[in-house]
Amino acid sequence: MSADIRFCGDRAVTVVFPQEISPGINAAVCGFAARFFALGLRGIVEIVPTYCAVTIHFDPSELDVDLLLRAVEEAAAAGGEAGPAEGETVVIPVAYGGEYGPDLPQVCAHTGLTADEVIARHSGREYLIYMLGFTPGFPYMGGMDPSIATPRLKTPRTAIPAGSVGIAGAQTGVYPIQSPGGWQLIGRTPLRLFDMDREDPFLLRAGQKVRFRPITPEEYLALERGEGR
Amino acid sequence: MIRVLSPGLMTTVQDGGRRGWQQFGVPVCGAMDEYSLALANRLVDNEPDEAALEITLLGPSLRFEVPCVFAVCGGEFEMKLDGQAIEPARAYAASFGAVLEIGPARQGARAYLAVAGGFDLPIVLGSRSTSLKGGFGGYEGRRLLKDDQLPLRAPMPWLPFMEYRVFDRELRQYPLEDRPARVVLGPQQERFSGKGVETFLAGSYRLTGESDRMGYRLEGPAIEYAPGCDGNIISDGVVMGAVQVPSGQPIVMMADRQTTGGYAKIAVVISADLPLLAQKKAGDTVRFSAVEPRAAIRLWKKQQSFLRNLDFCRDYL
């Protein structure tokens, strides 16, 4: 296939894939981003994969734009064989309900399910991380059971604690840092999705899969103590 | 060390930005006006993208608790060193205990205070820039407050050719030129009607009060979408200068923008003209004109090579 490459100003190009949120297209996106990064072309500043596009930031003083465009064409054409690496599954322990998930009752009321049913449905699936954005380390995930979809809060909270797990419409997500937001909070993980003091500051990356594992408040505290170091 | 006597309206530590982490959702941040940052750094013999104080609309008052050479470039602010008026884009040697008072901006919106040897602040994810939203980088991840103490890495009480460390008006005022900001159309130009693109390029847009380091919300003639299109797209990557149009009115994404966005982008302001935008303030008018991508790249490369080879003391030999 010939790639749809567009200028995004004068220091970036965006490679546009079919505009659809689907695991297959996102796998092609992440695969292309990884392949292109692996080329190690001088003058590539960074590569940002999203749902169905890849933005390549470059330094035109170091990399001629026409060479870049040609390299992108070639990498896109070479796409077929080198399928995307099968992303490993990251397990995220979550203490559901109680002080960690103050909106769980609201999700139950909206869906007509019991708390245990909501937890079972939320933790019973694998989610695909389509991309990171919004705040450092925030995963945009897909694959939630539609039966637990719940609208956002009418009035967003001004501060949501880091690690909070929420539902907004048909989406679920985890807040890596304390931030404002209107998601229905159903639980919290003691894992740090973003820790700038860690050698690898980010727990998650685009293309990976996530599974939530219910834990008790006691396990939460124990893990939190372990994580703190 | 430099002590903050009063912080000004919005003073943050910024350098050339945090590159390489956008795939993890980390905003680039960095100086809004990298041209003026480079000028200020050149006057004090720093690297062009060394961290400096970005000063906004109303400047801080600072006391030098160690003698140090400094320079301020960018928008033109009222400035006094120990009560004596001083010029923009000129290096000064502050003596021990000297007080620098930076008042309101007379022209432009932002200026950069560079100190010889740079600030001794931690490098977080490759940069000293403040991420206000993330609460990290810069000085404790926030804007400066009264009584903050900014440590210096290698303060220089003096540098050679002090009297030649100055840039003339023409050179220093490039970001203050009053002309349309040039743009490269796209990457979602097809979401807009021909008439919509024409409106965008012909119209005058006013910066509203909801404009900050994240983005400039503009107000002006409504931009028409192509038949069957609206302002929403599936989120993709966002660069500085990208002009999003969520519902007919443009928003220009600036230094602290999120890494991705779900609104159609009609155009991107060219890199060489971003400093002009950085010097706009609420109430100012912005106009746009289109150039070809390769022309924009030539302009950027020319500006970069100019800034790299910049010499302040052309006259001294």
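Two strands count as paired when DSSP finds at least two bridges between them, where strands (E, at least two residues) and helices (H or I, at least four residues) are DSSP runs numbered from the N terminus. The model shown here is predicted, so local features need pLDDT of at least 70 and side-chain atom pairs count only at pLDDT 80 or more, while totals for chains, interfaces and linings use all residues. Residues are numbered from 1 along each chain as its sequence is written, chains are lettered from A and ligands numbered from 1 in the order in which they are written, and side-chain values use heavy atoms, with hydrogens and water left out.

**View 1. The mixed sheet of chain B.** Eight strands build an open sheet in chain B, ordered E18-E11-E12-E15-E14-E17-E10-E19, with mixed pairing. Its edges are E18 (285-286) and E19 (288-290) of chain B, each of which pairs on one side only.

**View 2. The antiparallel sheet of chain A.** This open sheet has four strands of chain A in the order E1-E2-E4-E3, paired antiparallel. E1 (4-7) and E3 (44-49) of chain A are the edge strands, each pairing on one side only. On average, neighbouring strands are turned by 20° against each other, direction ignored (axes are lines fitted to C-alpha atoms, for helices over the stretch in contact, and angles run from 0 to 180 degrees between N-to-C directions). Four bridges link E1(A) with E2 (residues 12-16) of chain A, and Phe7(A) sits opposite Val13(A) in E2(A). Helix H2 (residues 65-77) of chain A lies across E1, E2, E3 and E4 (53-58) of chain A, and runs at about 155° to E1(A).

**View 3. Where chain A meets chain B.** Contact (heavy atoms within 4.5 Å) involves 43 residues of chain A and 41 residues of chain B. About 3400 Å² is buried between the two chains, 63% of this from carbon and sulfur atoms; buried area is the accessible area (1.4 Å probe) that two parts lose on being put together, summed over both. Which residues of chain A lose the most area to chain B? They are Phe7(A), Asp10(A) and Arg11(A), together 18% of what that side buries.

View 4. Two salt bridges are counted between chain A and chain B, a salt bridge being a side-chain nitrogen of Lys or Arg within 4 Å of a carboxyl oxygen of Asp or Glu. In a salt bridge, the side chains of Arg294(B) and Asp66(A) meet at 2.6 Å, N to O. E3(A) gives the most to the side of chain A that touches chain B, with five residues.

**View 5. A salt bridge within chain A.** Arg157(A) and Asp103(A) join their side chains in a salt bridge (2.9 Å, N to O). Because Arg157(A) lies in E8 (residues 157-160) and Asp103(A) in the loop between E5 (89-96) and helix H3 (104-111) of chain A, the pair ties together parts that are 54 residues apart in sequence.

**View 6. Two backbone details in chain B.** Gly186(B) and Pro187(B) are joined by a cis peptide bond, with omega about 10°. Pro187(B) belongs to the loop between E10 (181-185) and helix H3 (194-202) of chain B. Leu125(B), although not a glycine, has a positive phi of about 50°; Leu125(B) is found in the loop between E8 (99-115) and E9 (149-150) of chain B.
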